[in-house]
Amino acid sequence: MHVNTQIPYLRKTKTSSQLIVHGKPFLMLAGELHNSSLSDAAYMSTVWPNMKATNINTLLGRFNFSQLDSVILDARNFKNALSTYTPAWVKQDLKRFPRVHTLEAGGVMKTLELVSPFCEGGWKADAKAFAALMRHLKEFDGKENTVLMVQVENETGLLGDSRDRSRLASELFKKPVPEPVVSHLKSQYESSVHSLFRKRFPNFQTLTPGVATWEEAFGKGIDAEEMFMADAFSRYIGHVSAAGKAEYPIPLYTNVWLNFDDPSVLDLQDVPVVVGGGAKAGIYPSGGAVPHTMDVWKFNAPALDFIAPDLYFHEYEEVCKWYRHQDQPLFIPEQRRDERGARRVWLAYGTYLSIGCSPFGVDSLESSISPITKHYGLLSSVSDIVLEAQANRPEDIMGFFFDELSELKLESPWVRTFGDFQLTVDRAFVFGKAGPGAGMVIHQGNGKFLLIGWGFQVTFKSTNPKASFTGILYSEEKTVDVHGNLHTARVMNGDETRSGSFYIMPNEDPDYGGFPIAVTIPSRTMIAECTAYSIAEDEGDF
C-alpha cells in the first residue's frame, strides 16, 4: 500500500509501528484535555502556555466543528488528536436516526441517547460528516500537520444493557453470525486471535460459518449479546473510519472503556471495585473493543490503525500486553495524571514501545505541581534515543516503575537479560525508607547500558555459567544537550556503585534514615552510562 510520507503516518518497525511526522519519528508525550476545553478557542489560548511548560507535545480533546480552525491555528506550536460531538440535529431526528432501546428492571423499555448501530442512515450520515471533517483537515492542515491522528468516536458501546432491544436489533440477533466474521476468526484462531477470546470461547473452532446463530456461537446470555453488539458497533465505526481515511489518510484509532473478568487485574488504591470498569457487559459498554472482542473490531474496521485502551485502574502492564495484540502500536489515550500514573508511562514507552501516553485532565493542573512535568521533561530530552531503540532494537529497551513502598504489598524486582548480562532493577539503596522510582534501561551493546530515571539501582550478572565475577567496568553521569546528544559529566564510582556491586540512580531527596553519613547522593541529571564486565577464571587462577 502506498503511503503519503508528507502527512503523519505509522511506519512499521521490527515488532510495532512508530508515528512519523514531517519525515521523522515522533514520540507523543501527550495529555488529554477535559471534555469541553476544546470547544472554546479563547479558553484554549490560556491553556497552551501551561501545556508547554508541562513538557506536553501532543494534546487530545473533543471539539466543536465551528471552533476547529481557530483551535488548530492556536495549536500550531503543538500537536493534536481530535474527536467530535454528536450534533443537535442528529439527536432530534428520531425517524432518520432511531435510538437504541434497553430493558430496565421490571421489563420496562428505555430509550437511550445513542443512535442505533444497526441504522444504515446513521452510519451513512456519520460517515459523510466524518469524510467532510477529514477533507477539511486535509485542506486546512495538510501541510502544517498540526493534527497528527484522529480518534473515531469515544469509548463506543452500550451502557445499561448487554444489547439493543429494539425490534430491528432483535430480528438480527436471531440470524446467523455473518459468515465472513466466523470464517476469519476460525482461520486465525490458533495463530493470532486474542488469548482472552480463546479463553472465553474454547469451542469456537467447531462452528460452521454462515449457520451458527449468535447464541449457538457464543452461548446463551450476555456473551452472545455482547459479541452481537461488538459486530454492530465495529461495522458502524468501520464505515465511518473508511470514509474519513479515503479523504485524508492520517492515523485513525478508537479508544476503549476496559472491562475486567477477574478483579485481580485491577490496580486499586483506596477506591471501590466499581471504578475498575465493570465485569458485566452493559456495566461497561457492551460491544466496545475490549480484549475478547478486539479481533471482531480489527476485522470489521480495518481503516482503524489501532485500538487504544483508556487505562486508569487496571494492572498497567497487563493491559499493555493486551493492546500490543498482533504487534499493533500501543497508545494510551487516557490514564491517571497523578504521580502513580506518571511513573507508569516509563513501562509503556520502554518495554511496550508506546507511541504515546495521555494523562487525562492536564489542563486543570499547573505545570509547577504536575508530576507530568518532570517525567515528560526527562523523556523529551532523550526521545531520539528512545525512538531509535524502539524501532531498531526493541529487545534492548525496558521500562519500569516503583510505587510508594507499601508494607502490605510484596514486590519483585524487574529482571531481564540483555546480551551477555542479566539485569536486576530494584529500588535505590538508602539507609532510611526507599522511595518511589521510574525509568528505563537501554542496552547499547557489548555490556554498555544507558540508565534513565531515578529511584532505582541496577545489578549485573553474567549469563556465562563459567563466570566467577561480574562487576562494573566503567560508569559515567551523562548530560544531554538541546539536540539530544549525550555528554559525560561526572565519572561515578565508590558509593555511587557501592564499590562496584550495583549502579544507583538515586531519588532527588534520599532518606538517610538518621544515618549521619550521606552515602547516597541526590539525583542530578538522571542519565548515566554504565559498562558491565565479567571474568571466567580457571582453577589455576584461584
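Reader: Hi! What is the order of strands in the open sheet of three strands, and how do they pair?

Author: Hello! The order is S1-S2-S3, and the pairing is antiparallel. Strands here are DSSP runs of E with at least two residues, helices are runs of H or I with at least four, and both are numbered from the N terminus. Two strands pair if DSSP finds at least two bridges between them. This is a predicted model, where local features need pLDDT of at least 70 and side-chain atom pairs count only at pLDDT 80 or more, while totals for chains, interfaces and linings use all residues. Residues are numbered from 1 along each chain as its sequence is written, and side-chain values use heavy atoms, with hydrogens and water left out.

Reader: Thanks. Which strands stand at the edges?

Author: Strand S1 (9–12) and strand S3 (24–25) do. Each has a single partner strand, so one side of each is left without a neighbour in the sheet.

Reader: And how many bridges join S2 to S3?

Author: Two bridges, with S2 covering residues 17–21. For Ile 20, the bridge partner in S3 is Pro 25.

Reader: Switching to helices: at what angle do H12 and H13 pack?

Author: Helix H12 (residues 339–350) and helix H13 (residues 371–381) pack at about 20°, and their axes are 8 Å apart. Axes are lines fitted to C-alpha atoms, for helices over the stretch in contact, and angles run from 0 to 180 degrees between N-to-C directions. H12 and H13 are therefore roughly parallel to each other (angles under 35 degrees count as roughly parallel, over 145 as roughly antiparallel, 65 to 115 as roughly perpendicular and the rest as oblique).

Reader: Which residues make the contact there?

Author: H12 brings Glu 339, Ala 342, Arg 343, Val 345, Trp 346 and Tyr 349, and H13 brings Pro 371, Ile 372, His 375, Tyr 376, Leu 378 and Leu 379. Contact means heavy atoms within 4.5 Å. By class, the residues of this contact are nine nonpolar, one polar and two charged (Ala, Val, Leu, Ile, Met, Phe, Trp, Tyr, Cys and Pro count as nonpolar, Asp, Glu, Lys and Arg as charged, and the others, Gly among them, as polar).

Reader: Nice. What about H4 and H9: how do their axes cross?

Author: Helix H4 (residues 120–141) and helix H9 (residues 222–247) have axes that come within 7 Å and cross at roughly 25°. That makes H4 roughly parallel to H9. Among the contact residues are Trp 123 and Phe 130 of H4 and Tyr 236 and His 239 of H9. The classes in this contact are eight nonpolar, four polar and four charged.

Reader: Which strand is S14 joined to by six bridges?

Author: Strand S17 (residues 437–445), running antiparallel to S14. There, Ile 442 is the bridge partner of Ile 397.

Reader: Why is S12 largely enclosed?

Author: Five of the five residues of strand S12 (residues 331–335) are buried, so the rest of the structure largely encloses it. Strand S11 (residues 306–311) pairs with S12 in the parallel sense over two bridges, and Asp 310 stands opposite Glu 334 in S12.

Reader: Last one: where does Thr 531 lie?

Author: Thr 531 is in strand S23 (residues 527–535). At 15% relative accessibility, Thr 531 counts as buried.

Key: Buried means under 20% relative accessible area, exposed over 50%, partly exposed in between (1.4 Å probe, protein chains only).
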